[in-house]
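Q: I would like to learn how to read a few features of a protein model, one after another. Could you give me the general idea each time and then turn to the case at hand?

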Protein chains: 2
Amino acid sequence: MKATFFSAALATLAAAAACVSAAPSPANPFDLRHSPRDLFPRMNNGASNNNGQCRNSNGSSLQGYQPPLYTEPLRPQIHFSPTVNFMNDPNGLVYSNGTWHLFYQYNPTQNVAGNQHWGHAVSKDLYHWENLPIAIAPEEEGHGIFSGNAVIDFENTTGFFDESTPKDQRIVAFYTLNTPTSQTQHLAYSSDGVNFTKYPPAVISRNQTQFRDPKAFWDETSSRWIVALALSQEFGIVFYSSPNMKDWTEVSRFQSYGILGYQYECPDLFQVPVEGGPDDGKMMWVLAISINPGAPVGGSFVQYWVGDWDGSKFTPRDNAVRTMDFSKDFYAFSSWNNSPGKKAYAVAWASNWQYTNVVPTTPFRSIQSLPRELTLKYYRPAPQFGDLILNNKPANLSALGGQTLYRSNGTGNLGNQTVALTGEGAFNIVATFKLPAGTNATYNTIGSFEISSGDGQQSVKTGIQMGEPAVAFIDRRAAGPSFAADNPFFTDKTSGIIRYEANYTSEQHILGPLPPSAHLSTTGRDQYIKLQAVVDRSVIEVFVNDGELAGTSVFFFDNDQTPSQLKVSIGDDKLELVSLRVRALDSIWADCKE
Amino acid sequence: MKATFFSAALATLAAAAACVSAAPSPANPFDLRHSPRDLFPRMNNGASNNNGQCRNSNGSSLQGYQPPLYTEPLRPQIHFSPTVNFMNDPNGLVYSNGTWHLFYQYNPTQNVAGNQHWGHAVSKDLYHWENLPIAIAPEEEGHGIFSGNAVIDFENTTGFFDESTPKDQRIVAFYTLNTPTSQTQHLAYSSDGVNFTKYPPAVISRNQTQFRDPKAFWDETSSRWIVALALSQEFGIVFYSSPNMKDWTEVSRFQSYGILGYQYECPDLFQVPVEGGPDDGKMMWVLAISINPGAPVGGSFVQYWVGDWDGSKFTPRDNAVRTMDFSKDFYAFSSWNNSPGKKAYAVAWASNWQYTNVVPTTPFRSIQSLPRELTLKYYRPAPQFGDLILNNKPANLSALGGQTLYRSNGTGNLGNQTVALTGEGAFNIVATFKLPAGTNATYNTIGSFEISSGDGQQSVKTGIQMGEPAVAFIDRRAAGPSFAADNPFFTDKTSGIIRYEANYTSEQHILGPLPPSAHLSTTGRDQYIKLQAVVDRSVIEVFVNDGELAGTSVFFFDNDQTPSQLKVSIGDDKLELVSLRVRALDSIWADCKE
């Protein structure tokens with residue numbers, strides 16, 4: 001990450017709002033031309049206190065915050081956020097000994113980006129997180145522990161472990177050390193999954209200040225370690241190989257693909273199972289690259305390629321570039337290493353550098369997206385053309401308890417519906433809209449959800465405009481006007497096209513898996529589209545047809561309002577609402593509120 | 001173009017609003033699965049009346065429109081728009097015998113897309129347009145004359161001309177004939193630049209319904225005609241060659257590059273002069289492709305590649321995709337063939353298919369962008385990396401008369417300024433902002449223009465957030481809330497990064513040409529950025545540093561309001577406004593208002 005450069009200017013502003021002690025006044029804020037040397041007081045890897053999942057990762061007291069932590073009106077209840085202060089990229093995602101590890105870029109001293117550490121949390125189910133102490137902290141003022149990932153060194157190729165450490169607890173973290181004059185790549189290791197020891201020398205350096213964000217993995221193809229790194233302003237992803245993670249040799253480069261933006265960041269090369277088409281059942285490779293700024297929608301976004309990895313080189317299937325999320329708050333995508341089974345899971349930072357430092361949340365800023373389960377789905381957008389797209393849907397939401405607020409399946413057209421959203425502010429809303437065969441979509445053939453504040457004055461919307469192609473949208477224009485109207489970068493409306501359609505029967509509208517796709521352009525067939533929105537106080541994540549299209553948007557209701565009412569609407573009388581399920585989700589932070 | 005499929009649904013709605021006789025009620029509107037057969041009453045190439053530049057291109061009476069044509073509050077005054085009814089893609093752009101020809105996709109019977117003809121206008125200066133009769137009309141109901149281009153057949157390779165026709169008046173138009181069952185490529189020719197004769201047989205057909213938008217040119221490299229065509233839903237641009245424009249042979253394909261969206265449209269391969277860098281002074285090739293829908297910002301947009309053309313095949317310099325415009329209303333980009341000198345000129349349709357059929361203009365819909373002069377500018381975003389970007393700026397605006405409203409150059413910091421915008425609603429606003437060496441940008445280091453309505457209740461904004469990279473934005477959130485709030489696709493805020501900076505001295509702030517770029521990351525150097533906005537009643541076109549970045553947004557003030565006041569603001573006291581010029585531009589439609 002390079003976030004620190006963007007954010008430092010806001011330190012003073014934010015410190016006042018966030019009830020934390022201010023760092024020294026920033027001398028060189030915001031402007032990327034200046035390094036933020038004097039903004040980075042070093043944090044000790046302080047001894048943790050023992051408050052369970054609410055334990056503050058920087059070890060400072062959490063007493064006295066009002067309201068109690070995790071009860072703030074804009075605080076998501078089922079998404080990970082730090083107790084206090086600023087978080088950005090997910091880092092070091094690894095599954096070890098039955099535990100999912102989430103590290104993250106963290107400023108333990110301010111509620112704006114800067115002073116980068118690796119924060120840490122663990123989970124058994126990808127939803128319920130326990131906050132842990134800072135995992136990796138810089139040694140010197142002005143240094144930052146920037147993004148990277150973590151692996152399991154089963155065979156102790158590094159020599160960091162002894163035989164007493166179970167093989168799947170041998171965690172090696174790979175991060176970028178940022179200093180005012182360089183970005184170099186470093187290791188730290190842990191035998192207990194909590195405490196990390198640094199391996200002092202840089203393992204890769206290039207005399208570069210724009211060289212960062214290692215993503216390492218054990219490559220079965222070549223029986224060696226591989227790491228991908230971003231040469232950020234050269235728009236290159238460079239791959240290295242190593243037998244031991246200490247000695248690295250450059251093996252290939254992926255150069256100048258896709259939307260370049262201002263810089264490449266956070267490469268992630270990983271395997272994903274294919275569903276459907278000629279490669280059904282195989283694992284294929286996906287390379288994701290984050291860019292910031294310069295996204296077509298403004299600021300930061302993630303693009304990806306599907307292709308082959310031969311042990312040394314990634315070759316994309318084509319020269320097209322695909323985007324991971326149609327909306328504006330999904331960045332620094334990262335997948336978990338060592339996921340059990342042939343499964344791929346990932347998470348992204350649900351914010352955007354264009355405004356993340358000034359969003360009106362306190363005493364924390366930013367959340368991680370819902371954990372996503374990934375597959376590559378085959379579809380045929382035209383008879384002459386088949387393609388694979390990265391399907392991403394929430395990992396098993398049944399891990400979250402909750403209460404059903406509405407449920408109706410397959411009993412004909414439900415028409416418009418209004419549902420009171422009672423609970424803690426987190427809801428899973430799933431509907432299926434049907435455009436019957438022989439009818440035709442118009443501009444207003446839109447099935448939509450409008451989620452309103454308790455005072456009825458604000459709302460966020462999502463919907464599907466039926467037809468071919470159908471289009472999904474998120475509209476946050478009416479949510480939190482005090483921020484949305486003033487910030488010149490907080491884009492209100494985003495949309496994406498729906499590339500294939502569910503082929504559901506009515507019984508499958510909600511609960512069934514998506515069948516393998518078929519070409520949809522068959523006049524006279526019913527068109528069914530499934531829309532899911534997970535709304536959580538200040539974020540909405542939209543999934544179409546179980547994840548063929550996803551959109552993530554934050555929003556900020558004014559006046560301490562939370563999502564309180566749902567209106568499901570069919571925009572004209574051609575459209576039918578054929579199933580609807582609404583469930584209130586229990587907070588994952590219940591223990592923190594006491 | 002495939003616009004007809006999107007739009008037909010709105011026919012009834014729009015006809016009522018637009019005071020034109022309604023076509024038969026649409027049976028198969030909007031949904032792309034259905035062909036709009038019964039929506040397309042055939043138009044005769046009617047005899048023109050003789051009203052000069054205001055002559056209606058469909059030959060019907062223009063009497064009785066209130067207010068008089070081209071005086072409507074939302075009607076741009078220096079942009080081309082049809083007298084009445086719906087226009088989309090520019091077509092057939094060619095310079096012939098001292099005249100710039102602009103053909104365009106036109107529905108002469110309704111104010112929504114459909115019933116496609118080639119409308120026609122001509123100009124001597126790319127700004128002042130004379131409306132001419134329909135150039136090419138379909139022969140049968142249900143057929144459409146879809147997009148294409150035109151060339152000068154100097155050497156009469158087609159045999160369409162006799163010796164009495166001056167060589168540079170031998171115009172051949174190349175268009176797609178759309179029928180319910182096919183898209184095939186056809187020719188029509190004209191010796192007088194007004195009346196066209198169809199050459200009946202299809203010259204290229206592929207048994208395809210998604211095959212369209214020919215862009216032909218005489219290729220000096222291979223001494224033959226070349227045409228680029230879109231295989232829209234296969235995401236391919238296919239190139240053919242011919243000695244005579246009648247017999248074509250496929251020579252290469254450009255497959256699956258960039259953002260695919262739902263379909264490729266309107267390929268344009270053309271030569272552009274290079275400014276700066278190792279190729280300074282050369283002509284290089286640019287391939288532009290429009291996609292719709294599926295743009296990252298929603299709906300339709302244009303992407304391009306810079307590369308080499310060897311007479312048979314286009315090879316891009318890299319696999320990156322670049323976008324032509326950072327905002328949302330710039331589509332179907334097309335360049336002029338046969339431009340005099342080594343110059344490249346182009347225009348685009350300033351709208352977006354996501355909402356074009358429902359925008360609140362009447363009795364016309366859509367405009368063409370300002371004509372743009374194109375160059376390829378060399379810059380170095382990083383010491384290790386040089387690149388060429390397509391610079392686009394308005395063609396010589398001095399062709400437009402007008403009155404200077406404010407002018408100050410290089411006399412120190414002007415601070416905030418307010419200027420009354422008196423005139424006809426069209427203004428050219430140019431400012432230079434300076435961030436002095438040794439100061440640092442913050443989030444609020446923004447230089448901006450706010451253009452307000454006469455009632456002070458609405459405004460559109462554009463600005464530059466200084467720093468590295470600096471970012472330009474357009475914000476139309478506060479313009480025309482009745483449309484902007486209701487339409488789920490009318491995105492309010494768009495932005496783009498500024499890749500290099502002007503290196504002006506103060507004397508050059510406004511009037512001087514941009515010097516060749518140098519790498520900008522020099523701490524301690526003054527940062528100057530030049531912001532130009534051409535505002536014209538319901539459109540704003542923004543150019544940064546004379547065209548290194550461009551953004552085009554339509555907006556629609558409510559209550560018959562027009563742009564009436566300008567506020568130029570510097571967001572914090574670090575920033576300086578060092579020059580400002582504001583000029584009211586005379587209407588190009590003065591003769592039409594009598």
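Q: Which side chains does D492(B) meet in a salt bridge, and what counts as one?

A: A salt bridge is a side-chain nitrogen of Lys or Arg within 4 Å of a carboxyl oxygen of Asp or Glu. Here the side chain of D492(B) meets that of R477(B), with 3.9 Å from N to O. The pair links distant parts of the chain, 15 residues apart, for D492(B) lies in the loop between α3 and β31 (493-497) of chain B, while R477(B) lies in the loop between β30 and α3 of chain B. Helices (H or I, at least four residues) and strands (E, at least two) are DSSP runs, numbered from the N terminus.

Q: What should I keep in mind about the model and its numbering?

A: This is a predicted model, in which local features need pLDDT of at least 70 and side-chain atom pairs count only at pLDDT 80 or more, whereas totals for chains, interfaces and linings use all residues. Residues are numbered from 1 along each chain as its sequence is written, chains are lettered from A and ligands numbered from 1 in the order in which they are written, and side-chain values use heavy atoms, with hydrogens and water left out.

Q: Are D492(B) and R477(B) buried or exposed?

A: Buried means under 20% relative accessible area, exposed means over 50%, and partly exposed lies in between (1.4 Å probe, protein chains only). By that scale D492(B) is buried at 2% relative accessibility, and R477(B) is buried too, with a relative accessible area of 11%.

Q: Which residue forms a salt bridge with D329(B)?

A: The partner of D329(B) is R476(B), and their closest N and O atoms are 2.8 Å apart. D329(B) lies in the loop between β19 (322-323) and β20 (331-335) of chain B and R476(B) in the loop between β30 (471-475) and α3 (481-484) of chain B, so the pair ties together parts that are 147 residues apart in sequence. D329(B) counts as buried at 0% relative accessibility, and R476(B) counts as buried at 2%.

Q: How exposed are the partners K167(B) and E155(B)?

A: K167(B) and E155(B) form a salt bridge whose closest N and O atoms are 3.2 Å apart. K167(B) and E155(B) both lie in the loop between β5 (144-152) and β6 (171-179) of chain B, so the pair ties together parts that are twelve residues apart in sequence. K167(B) is partly exposed, with a relative accessible area of 41%, whereas E155(B) is exposed, at 55%. Over all chains the count comes to 42 salt bridges.

Q: How do I read strand pairing, and with which strands does β10(B) pair?

A: Two strands pair if DSSP finds at least two bridges between them. Strand β9 (residues 211-219) of chain B pairs with β10(B) in the antiparallel sense over seven bridges, and K215(B) has A228(B) in β10(B) as its bridge partner. These two strands form a hairpin with four residues between them, and S223(B) in the turn has a positive phi of about 50°. β10(B) also pairs with strand β11 (residues 236-242) of chain B, again antiparallel over seven bridges, with I226(B) opposite S241(B) in β11(B).

Q: How is the contact between domain 1 and domain 2 of chain A described?

A: The size of an interface is often given as the accessible area lost when the parts come together. Domain bounds come from an automatic or database domain assignment, which for chain A gives domain 1 (3-377) and domain 2 (400-593). Contact, meaning heavy atoms within 4.5 Å, takes 40 residues from domain 1 of chain A and 44 residues from domain 2 of chain A. The buried area (the accessible area, 1.4 Å probe, that two parts lose on being put together, summed over both) is about 3,600 Å² between these domains, and carbon and sulfur atoms give 63% of it. Q77(A), I78(A) and F326(A) supply 23% of the area that domain 1 of chain A buries against domain 2 of chain A, more than any other three residues. Between the two domains there are also two salt bridges.
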